Amino acid sequence: MEILGKILVGLVALEHLYILYIEMFAWETKGKETFKGSLAPEMFKPTKTLAANQGLYNGFLAAGLIWTFFIEDRQWAFYIAVFFLTCVIAAGIYGAVTASKKIFFVQALPAIVALVVLHF
């Protein structure tokens, strides 16, 4: 179960690195495809800086999750993983309530699954 938990934490981290990429570097191209329907097409250019800021925060979430792979103390690594997964879950739930229900399934649910697996 420990290996599965690490794999799931890694997948959540990779997802947030991908979100960072979209929001910071591909907002006007891949962002339009990804967030189609959430934002009018003409709004992507003027919101580029705001999206890049969001992307940076997603990078911090990914960095925190990746950090857990380098912590030798298993209990400390567990606590850090729990903290950052909980942050991802909170962000996913907030996004689902305020922007799109899809965000819960794409962002929060994988983190919830990883968090549950870590506890076994």
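1. How far apart are the mean positions of the 9 positive and 8 negative charges of the protein chain? They are 8 Å apart. Keep in mind that this is a predicted model.

2. Start with the fold. The protein chain has five helices and zero strands. Read from the N terminus, the order of elements is α-α-α-α-α. Along the principal axes, the C-alpha atoms fill a box of roughly 50 × 25 × 20 Å.

3. Of the 120 residues, 36% count as buried.

4. Now the contacts across the sequence. Take those between residues at least 6 apart in sequence. Of these, 57% join residues at least 24 apart.

5. Aromatic rings deserve a look. The structure holds seven aromatic pairs. One of them joins Tyr57 and Phe60. Their ring centres are 5.9 Å apart, with 85 degrees between the planes. That makes the pair edge-to-face, because planes over 60 degrees apart count as such. Both residues sit in helix α3, which covers residues 48–67. They are three residues apart, about one turn of the helix. Phe60 has a relative accessibility of 48%, so it counts as partly exposed; the cut-off for exposed is over 50%.

6. Phe104 and Phe105 form another pair. Their ring centres are 5.3 Å apart and their planes stand at 90 degrees, so this pair is edge-to-face too. Are the two residues buried, partly exposed or exposed? Phe104 is partly exposed, at 25% relative accessible area. Phe105 counts as exposed, at 55% relative accessibility. Elsewhere, Trp27, Phe35 and Phe44 form one aromatic cluster.

7. Trp76 belongs to helix α4, residues 74–98. Its relative accessible area is 44%, so Trp76 is partly exposed. Which residues does Trp76 contact, leaving aside neighbours within four places in sequence? They are Trp67 and Ile71.

8. Go back to helix α3 for Asn53. This residue is partly exposed, with a relative accessible area of 41%. Where is Ile66 relative to Asn53? Ile66 is 13 residues apart from Asn53 in sequence. In space the gap is 20 Å, C-alpha to C-alpha.

9. Finish with Leu17. This residue lies in helix α1, residues 2–25. Leu17 has a relative accessible area of 35%, so it is partly exposed. Setting aside residues up to four places away in sequence, Leu17 touches Ala62 and Ile66. Compare Val116, which is 99 residues from Leu17 along the chain. The C-alpha atoms of Leu17 and Val116 are separated by 22 Å.

How values were computed
Residues numbered from 1 in each chain as written. Predicted model: local features only at pLDDT ≥ 70, side-chain atom pairs only at ≥ 80, totals over all residues. Heavy atoms only, no water. Helix = DSSP H or I, 4+ residues; strand = E, 2+ residues; numbered from the N terminus. Buried < 20%, exposed > 50% of the residue type's maximum accessible area, 1.4 Å probe, protein only. Contact = heavy atoms within 4.5 Å. Lys, Arg positive; Asp, Glu negative; His and termini not counted. Charge placed at Lys NZ, Arg CZ, Asp CG, Glu CD. Phe/Tyr/Trp six-rings, centres within 6.5 Å; stacked < 30°, edge-to-face > 60°.
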